[in-house]
Amino acid sequence: MRRRRRDRAAGTPRPVPASLSAGDTARTAFAGLRTRPGRVVLSALGIAIGIATMTAVLGVSASSRADLMRRLDALGTNLLTAEAGDTLFGGKARLPKESPGMVGRIPGVRDVGATGLLDVAVRRTGKVPEEETGGLSVRAATEGLPRTLRAGMRSGTWLNAANSRYPAVVLGSVAAQRLGVTSPGEQVWIEDRYFTVVGILDALPLAPEIERSALVGWDGAARLLGFDGHPTTIYERSAEDRVRDVAGLLAATINPRNPEEVRVGRPSDALAARAAAGDAFTSLLLGLGAVALLVGGVGVANTMIISVLERRHEIGLRRSLGATRGQIRVQFVMESLLLSALGGLAGAVLGVAATYAFALARGMPFALPPWSVGAGLGATLLIGTVAGLYPAIRAARLSPTLALHAA
Amino acid sequence: MIAETNGTARAGRAGAAVVELTGVTKRYPGGVAALEDVDLTIARGELVAIVGPSGSGKSTLLHIVGTLDLPSEGAVRIAGHDVAALADRELAALRARHLGFVFQSFHLSPGLSALDNVAEGLLYAGIPRGERRRRAAEALERVGLADRVTHRPHELSGGQRQRVAIARAVAGDPLLLLADEPTGALDTASGEAVVSLLRDLHAEGSTIAVITHDPEIAASFPRRVRLRDGRVVEDTANPAGRPDQAAPAGNSVREGAA
Ligand SMILES: Nc1ncnc2c1ncn2[C@@H]1O[C@H](COP(=O)(O)OP(=O)(O)OP(=O)(O)O)[C@@H](O)[C@H]1O
Ligand SMILES: [Mg+2]
C-alpha cells in the first residue's frame with residue numbers, strides 16, 4: 001500500500017471514506033442473501049441441525065434431570081444407609097448384631113430396617129444351574145424394612161410372624177420379573193429347597209439392591225439358610241432436619257470401637273449425583289451435534305466462496321461505487337454471520353420444540369439450561385465469522401477491473 | 001434543481017482539469033503494454049469520445065482514469081489528487097465522491113428496484129438512506145424514468161436498464177462520468193436515447209468520457225481521442241498532437257473491430 005507524503009503544496013485534502021451505518025451494513029448483507037433463498041436455506045440447514053441437536057440433547061437431559069429431582073423429592077432425601085465396609089487389614093468388616101436396635105435409639109431416628117446378604121442363590125427351580133443367578137441376591141430382612149424404605153407391595157404381603165413359619169420369600173420388583181414370578185403363591189428355589197413367594201415389592205429407586213433381591217425373614221434365614229445374624233446394610237429414616245446429625249452419629253453408634261469400618265451413605269445423593277453427571281450417551285449425542293455444527297460451518301464457508309466467485313461483478317461494481325476493501329470484507333463476513341445466525345435461530349427453535357414435545361410426551365417438567373441457548377448463539381456467531389472470513393478476504397482482494405470485465 | 005445549482009458551480013470553475021495524465025504507461029504481467037506514454041487532459045465540462053480498435057487500450061485508459069487500476073509509469077491526477085499518493089481506501093473515497101461509472105453490461109442488482117439500484121450508487125458516499133432514495137428518485141427523473149421507479153431490472157428494456165445505470169452514476173453529481181461502451185449491448189434506437197441522455201447531461205455541465213465503437217456517435221462528440229496500440233494517435237482538442245507518438249501505419253491491426 002502506497003502512502004507517499006503529499007508533496008504538492010496546491011493540496012486538496014485527502015479523501016476520507018465514509019463509514020457505513022450499522023443499518024446499511026445489515027441491509028447490504030441481507031440483500032445479498034435475499035436473492036438466493038434456496039441456497040440460503042440449504043446452507044443454513046447444517047447449522048440448524050447442529051444447533052437443534054445440541055439444544056434438544058441438553059434440553060432432554062435437563063428435563064430428565066428435573067424429573068428425577070422431582071421424583072427424589074417425592075421419595076424423600078431423609079433416608080440413610082450404613083454398610084459394612086472393609087477392616088484395616090483388608091478383610092470384610094461385620095456390623096454388630098445388635099446395631100439395628102442401637103440405631104433406633106439415636107435421637108431423631110424414626111424407622112430402622114436391616115438386611116443381611118446371604119451367600120446363596122435364588123433360582124426359578126432347582127434344575128437351573130447355580131451360577132445363573134441373573135444378578136439377583138438373597139437377603140435376610142427385618143420386619144421394619146418396608147416401612148423404612150416406604151416400600152409399597154405390588155401384590156401379596158410383607159414377611160410376618162405368621163407366614164415366616166414356612167419357607168417364605170418376598171421378591172423385589174426386578175427379581176420377580178427376572179424369575180418370571182407374577183403373583184404370590186408361586187415358588188422359587190433358594191439354596192436347597194422351594195420358598196413360597198408371599199409378596200412382590202414395588203419399584204424402589206432409592207434402594208435398587210432391594211429391587212434385585214429375594215428377601216427372607218430374619219429368623220427364617222437363620223433357621224433355613226445359615227444366616228449368622230450380622231446385618232450387612234442398615235436403613236434408617238429420620239426427620240428431615242435431623243439427617244445431618246444422625247449421619248454424624250451413625251458410624252460410631254453402630255460400631256463404637258471401629259467406626260471407620262462402617263460406610264454411611266445417602267442414596268438420594270448418589271441418585272442426584274448420577275443424574276447431574278449425565279451419561280455417556282448424552283455426551284455422544286452432544287458430540288454428534290458439534291460435528292453437525294462443524295459440517296454446517298464448512299457448508300456456510302463453501303456457500304460464501306461460491307457466492308464470491310459468482311458475484312465478482314457486484315464486487316467490482318461496489319468498488320467502482322467507492323466501497324473500500326474493508327467494506328467489502330465486512331459485507332461478506334456479515335452475510336456469513338447472518339446465514340449462520342439464521343440457521344442457529346431455526347435450530348434453537350427446533351431444539352426447544354423437540355425438548356418440549358419430549359417432556360410433554362413423557363410427562364416430565366420442561367427444562368433447558370439458559371446457558372445452552374447462549375452457548376448455541378455464541379457458537380453460531382463464531383462459526384459464521386470464521387466461515388466468512390476467508391471468502392470475505394478473497395472478495396476484498398479481487399481486482400475491481402477484473403471483477404468488472406464483461407461477463 | 002440540483003443539476004442547475006451544480007451546473008452553476010461547475011461553470012464557475014470551468015476549464016479546471018478534472019483528469020491529467022502525463023506519460024502514463026500500463027504494462028500487464030507477461031509484457032503486454034496496454035498503454036504507452038499517454039498524455040491526456042480533460043477539463044471540466046468536456047464531452048470526450050475515446051475510440052480505437054479492439055485491444056488498443058481504451059478500457060485500460062478508462063480504468064486508470066477511474067482509479068480502478070494504477071499505471072506502471074507516469075502520473076495521474078484526478079480532481080486535483082495525485083493518485084499515486086493516495087492509499088487504496090482513499091482512492092475508494094475519491095471514487096465515491098467524484099467519479100461515476102457506466103458499463104456496457106449495466107451491472108444492476110437483479111433483486112433491487114430501479115430506485116434502490118440508483119440509491120446504491122450513493123451508499124459509499126456516506127449519505128443517509130432517506131436522502132439517498134430522494135436523490136435517486138431525482139436522478140431517475142433526470143434520465144426520464146420517473147415512471148419506472150419500482151421496476152426491477154428484468155422488467156426494463158436494455159435501454160432503460162442502461163439509463164438506470166446512468167442515473168446511478170450521476171446521482172451523486174460526480175465531477176467525472178466514465179462510460180465504457182454504454183451502447184455496446186443496445187440496439188440503435190436505445191443506443192441513440194442513451195447517447196442523447198449523455199449529451200443532455202453534458203449540456204447541464206457534466207464532464208463525461210465515453211468509449212465507443214460507433215463512428216457516428218464519436219463524430220457527433222465535441223472531442224475525440226483515438227488510441228492505437230496503447231498510444232494516443234489523434235486528439236481533436238490538440239490537432240497537432242504529438243506525431244512522433246503515432247504508431248507506424250504498418251503496425252495498425254484490427255482497426256474498427258467489434
Ligand atoms: N488483466 C489483463 N492482463 C493482461 N493483459 C490485459 C489485461 N487487460 C487487458 N489486457 C490487454 O491490454 C490490451 C488493451 O486492453 P483493453 O481492454 O484496454 O482494450 P480495449 O481497447 O478496451 O478493447 P475493446 O474495444 O475490445 O474493449 C489488450 O491487448 C489486452 O489483451
Ligand atoms: Mg474495452
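Where is B:Glu181 found in chain B? B:Glu181 sits in the loop between strand S7 (176-180) and helix H7 (188-203) of chain B, where helices (H or I, at least four residues) and strands (E, at least two) are DSSP runs numbered from the N terminus.

This is a predicted model, in which local features need pLDDT of at least 70 and side-chain atom pairs count only at pLDDT 80 or more, while totals for chains, interfaces and linings use all residues. Residues are numbered from 1 along each chain as its sequence is written, chains are lettered from A and ligands numbered from 1 in the order in which they are written, and side-chain values use heavy atoms, with hydrogens and water left out.

B:Thr67 belongs to the loop between helix H2 (58-65) and strand S4 (73-78) of chain B. The table sets out both residues, each of which counts as buried (under 20% relative accessible area, with a 1.4 Å probe and protein chains only).

| Residue | Phi | Relative accessible area |
|---|---|---|
| B:Thr67 | near 60 degrees | 2% |
| B:Glu181 | near 45 degrees | 17% |

For B:Thr67 the phi value is positive in a residue other than glycine, and B:Glu181 likewise has a positive phi without being glycine.

Chain A holds 14 helices and 11 strands. Its radius of gyration, taken over C-alpha atoms, is 35 Å, well over the 22 Å that the globule rule (2.2 Å times the number of residues to the power 0.38) gives for 407 residues, so chain A is more spread out than a compact globule. Along the principal axes, the C-alpha atoms of chain A fill a box of roughly 115 × 45 × 35 Å.

Notes: Buried < 20%, exposed > 50% of the residue type's maximum accessible area, 1.4 Å probe, protein only.
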